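Reader: Could we go through this one together, slowly, with the cut-offs spelled out as we reach them?

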Amino acid sequence: PVLLGCGSAQQPGGCPDLCECSEPARTVKCVNRNLTAVPPDLPPYVRSLFITGNSLTHLPAGAFSAQRLPDLSALNLSGNHLQAVEAGALALPALRQLDLSGNALVSLSPQAFGEGGSPLEELALRGALRNHGVLFSLAALLQSGALRNLSRLDLADNGLLVLPAGMFTALPALRLLDLGNNSLVGLQNVSFQGLGQLQSLNLSNNSLAVLWNSTLAQFRSLPTLRHIDLGHNTWVCDCAIEDLVAWLKESDQVEGKEALTCAYPDKMLGKALLKINSLDLNCSVPIDLPSQLQTSYVFLGIVLALIGAIFLLVLYLNRKGIKKWMHNIRDACRDHMEGYHYRYEINADPRLTNLSSNSDV
């Protein structure tokens, strides 16, 4: 009985209730146990921790003890109904991989990984950003420079329409960026500058209609970018797509580019982008709408200035005639007003009225 009692006591390196532990593999799994909080007695030897399919709604500061878990490098918190991640909740000194996929994040503190930088290299947020308000918190976190070691970022399956400007500018080590299966309609405000290590970019299954020259130029400037997936987008094959078609024909960065087809207009439906030519689009020159509008405004300004100058010149050359004409108008107006004044005096005096009405006088 004494031995049994000692054996049942929780040892420093023991396993929490409702979890499965393997000290040789340095792994702890707490899967589908309806946990509402992170177990406080996790063994210090753990390197890979799986807390998935539970009922955790938020991670408070210090949810994982940095002192107790100095070697924790892989943390999987997917499918836990997480809504809030507070400041300092993930401040772990050895954390390299983090999976928050399949949660319903509403709040993500920009200081979730602590005040200093984090060694995190892989971050998965697949399906965790359905509440698009949290996207700006994530952008602030990424832009703060706290995750400068990040090499893989998974933002797929979030229904994203647009991305905050400059969201990826502080990720110099990023090699893989997955934006697939969203609803992105454009990349005009997205900067890929500074991603000198980027090797793979997934933009498939979005709502992209065209890629403008500014975006294509960024793709060309990235020396290691060799895998771009543009499949299953709603390409609009009008004059604006000529630059994209030309880039596809010359670039070896796009995977499966032969399968890219037009979605609009109806007459171009299903036509391969690589087979489009100028005759199909009926364009005399490539259209760049912003520059075209700018040129039109400049031309309009020049025309209006010229018309104004001519008008002033005509006025100057005919100043004497205009002055005489103005004097004539003034005299005519004065005579007209004197006639009104005379009639008013007659109507105002009864004697003059009777006199004017008597035809014998």
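Reader: What volume does the largest pocket have?
Author: The largest pocket comes to about 160 Å³. On a 1 Å grid over the protein atoms alone, a pocket is an open set of points with protein on both sides within 12 Å along at least five of seven lines, a cavity is a set where a 1.4 Å probe fits but cannot get out, and lining residues have an atom within 4 Å of a point. Grid points are joined across faces, edges and corners, and a volume is the space filled by probe spheres set on the points. This is a predicted model, in which local features need pLDDT of at least 70 and side-chain atom pairs count only at pLDDT 80 or more, while totals for chains, interfaces and linings use all residues. Residues are numbered from 1 along each chain as its sequence is written, and side-chain values use heavy atoms, with hydrogens and water left out.

Reader: Which strands each supply at least two residues of that lining?
Author: They are strand 7 (97-99), strand 9 (122-124), strand 10 (152-154) and strand 11 (176-178). Helices (H or I, at least four residues) and strands (E, at least two) are DSSP runs, numbered from the N terminus. Among the lining residues are Gln97, Asp99, Glu122, Arg152, Asp154 and Asp178.

Reader: And how does the lining of the largest pocket divide by class?
Author: It has five nonpolar, one polar and five charged residues, where Ala, Val, Leu, Ile, Met, Phe, Trp, Tyr, Cys and Pro count as nonpolar, Asp, Glu, Lys and Arg as charged, and the others, Gly among them, as polar.

Reader: Is Asn76 buried or exposed, and what does Asn76 touch?
Author: Asn76 counts as buried because its relative accessible area is 17%, and its place is in strand 5 (residues 74-76). Leaving aside neighbours within four places in sequence, Asn76 is in contact with Leu49, Phe50, Ile51, Thr52 and Asp99. Asp99 also belongs to the lining of the largest pocket.

Reader: Which residues of helix 4 are buried, and what covers them?
Author: In helix 4 (residues 242-250) the buried ones are Glu242, Leu244, Val245, Trp247 and Leu248. Their cover includes helix 3, strand 13 (227-229), strand 14 (235-236), strand 15 (254-255) and helix 5 (278-281). Helix 3 (residues 213-221) contains Ser221, which is partly exposed because its relative accessibility is 39%.

Reader: On backbone geometry, which peptide bond is cis?
Author: The bond from Tyr264 to Pro265 is cis, with omega near -10°, and Pro265 lies in the loop between strand 16 (262-264) and helix 5. Most residues other than glycine have a negative phi, and most peptide bonds are trans.

Reader: Then where does His232 sit, given its positive phi?
Author: His232, with phi near 55°, is found in the loop between strand 13 and strand 14, and it counts as exposed because its relative accessible area is 65%. Leu18 also has a positive phi, of about 70°, and it lies in the loop between helix 1 (2-8) and strand 1 (20-22).

Reader: Last topic: which residues does the UniProt "transmembrane region" annotation cover?
Author: The unreviewed UniProt entry places it at residues 297-317; positions are in the numbering used here, feature names are shortened, and annotations may be inferred rather than shown by experiment. In the model that span is 100% helix and 0% strand, with its end C-alpha atoms 31 Å apart.

Methods
Buried < 20%, exposed > 50% of the residue type's maximum accessible area, 1.4 Å probe, protein only. Contact = heavy atoms within 4.5 Å.
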